[in-house]
Amino acid sequence: MMHGFSMAHLWYLVQSIGWTLVLSALAFVLGSIGGFGVMLARISPRRWLRTAALAYIEVIQGIPLLILLFIVYFGLSVYGYEVPSLVAAGLALMVYTSAYLGDIWRGCVQAMPKPQWEASECLAMTRWQTLRLVIIPQAVRLALPSTVGFLVQLIKMTSLASVIGFIELTRAGQIINNSIFEPFLVFGLVAVFYFVLCYPLSRWSQSMENKLNVGNR
């Protein structure tokens with residue numbers, strides 16, 4: 001016999017928010033590290049490195065995240081590597097995030113005026129010193145709004161991890177709905193929780209964009 005929605009179901013959804021945030025943080029932190037490497041490769045003076053980074057970005061951006069999840073989770077198991085769903089989801093989202101953040105940050109670095117590079121060369125600074133002390137501090141200011149905006153999308157994309165059995169917010173909603181069959185109520189609450197997570201970040205991104213006046217510079 002099916003029972004209606006209860007406080008136990010609500011608490012289960014609230015607990016699943018924590019796993020959504022864990023997965024989002026894992027993917028964003030690791031993806032940022034990978035994205036920084038991709039960005040450096042894309043602006044490298046070595047042509048083969050730029051070409052390899054560009055190919056990586058185009059391949060990853062051309063593959064749906066859902067397929068990446070299947071490749072990591074089911075593909076590795078074919079070769080005898082049984083990975084937990086959290087690890088598989090984290091790896092797939094890390095790869096996906098690194099490609100997008102690397103491209104975003106590459107654009108911000110290359111948007112810096114050429115005289116900045118020339119002035120640094122006149123001061124006998126190395127390329128890495130120029131990036132670290134002159135270019136990147138300015139590019140960060142330009143990249144913040146779009147990076148936070150991508151983080152909002154990343155939080156929502158964690159819902160796809162439910163297809164490989166990872167119990168985050170969406171999967172928790174599916175489990176509850178399968179037991180009580182109240183889809184409008186359950187998934188309505190799931191949507192509200194996603195909104196609560198994402199709306200403050202969206203507003204923060206817009207606020208930073210207005211404060212930094214990025215669009216007019």
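UniProt, in an unreviewed entry, lists residues 17–205 for "domain: ABC transmembrane type-1"; UniProt positions follow the numbering used here, feature names are shortened, and annotations may be inferred rather than shown by experiment. The model is predicted, so local features need pLDDT of at least 70 and side-chain atom pairs count only at pLDDT 80 or more, while totals for chains, interfaces and linings use all residues. Residues are numbered from 1 along each chain as its sequence is written, and side-chain values use heavy atoms, with hydrogens and water left out.

Let us start with the overall fold. The protein has eight helices and zero strands, where helices (H or I, at least four residues) and strands (E, at least two) are DSSP runs numbered from the N terminus. The order of elements from the N terminus is accordingly α-α-α-α-α-α-α-α. The C-alpha trace spans about 80 × 45 × 25 Å along its principal axes. Over residues 17–205 the chain is 83% helix and 0% strand, with 22 Å between the end C-alpha atoms. Of the 217 residues in the protein, 39% are buried; buried means under 20% relative accessible area, exposed over 50%, and partly exposed in between, with a 1.4 Å probe and protein chains only. Among contacts with a separation of 6 or more, 75% join residues 24 or more positions apart, contact meaning heavy atoms within 4.5 Å.

The unreviewed UniProt entry also annotates "transmembrane region" at residues 12–41, 53–74, 86–105, 142–164 and 184–202. In the model, residues 12–41 are 100% helix and 0% strand, and their end C-alpha atoms lie 43 Å apart. Residues 53–74 are 86% helix and 0% strand, with end C-alpha atoms 26 Å apart.

The largest nonpolar core holds 52 residues, and Leu13, Leu65, Val109, Leu154 and Leu169 touch the most other members. Such a core is a set of buried Ala, Val, Leu, Ile, Met, Phe, Trp, Tyr and Cys residues joined through side-chain atoms within 4.5 Å. Two or more residues each come from α1, α3 (65–78), α4, α6, α7 and α8, and α6 gives the most, with 13 residues. Beyond its neighbours within four places in sequence, Leu169 is in contact with Leu13, Ser16, Ile17, Thr20, Val190, Phe193 and Tyr194.

The lining consists of Phe36, Met39, Trp105, Cys108, Val109, Ile136, Ala139, Val140, Ala143, Leu144 and Thr147. Helices α1 (7–42), α4 (85–110) and α6 (127–157) each give two or more residues to this lining, and α6 gives the most, with six. By class, ten of the lining residues are nonpolar, one is polar and none is charged; Ala, Val, Leu, Ile, Met, Phe, Trp, Tyr, Cys and Pro count as nonpolar, Asp, Glu, Lys and Arg as charged, and the others, Gly among them, as polar.

Several individual sites complete the picture. In helix α1, His9 is buried because its relative accessible area is 18%. His9 and Asn177 are 168 residues apart in sequence, yet their C-alpha atoms are 9.7 Å apart in space. Leaving aside neighbours within four places in sequence, His9 is in contact with Gly4, Ile176, Ser179 and Ile180.

Ser85 sits in helix α4 and counts as buried, at 18% relative accessibility. Outside the four places on either side in sequence, Ser85 is in contact with Tyr73, Ile164, Gly165 and Phe166. Ser162, in the loop between α6 and α7, is buried as well, with a relative accessible area of 10%. Not counting residues up to four places away in sequence, Ser162 touches Glu168, Thr170, Arg171 and Gln174.

Phe181 lies in the loop between α7 (169–180) and α8, and counts as exposed because its relative accessibility is 60%. Although not a glycine, Phe181 has a positive phi of about 50°. Val192, in helix α8 (residues 183–212), is partly exposed at 44% relative accessible area.

Definitions and conventions
On a 1 Å grid over the protein atoms alone, a cavity is a set of points where a 1.4 Å probe fits but cannot get out, and a pocket is an open set with protein on both sides within 12 Å along at least five of seven lines; lining residues have an atom within 4 Å of a point.
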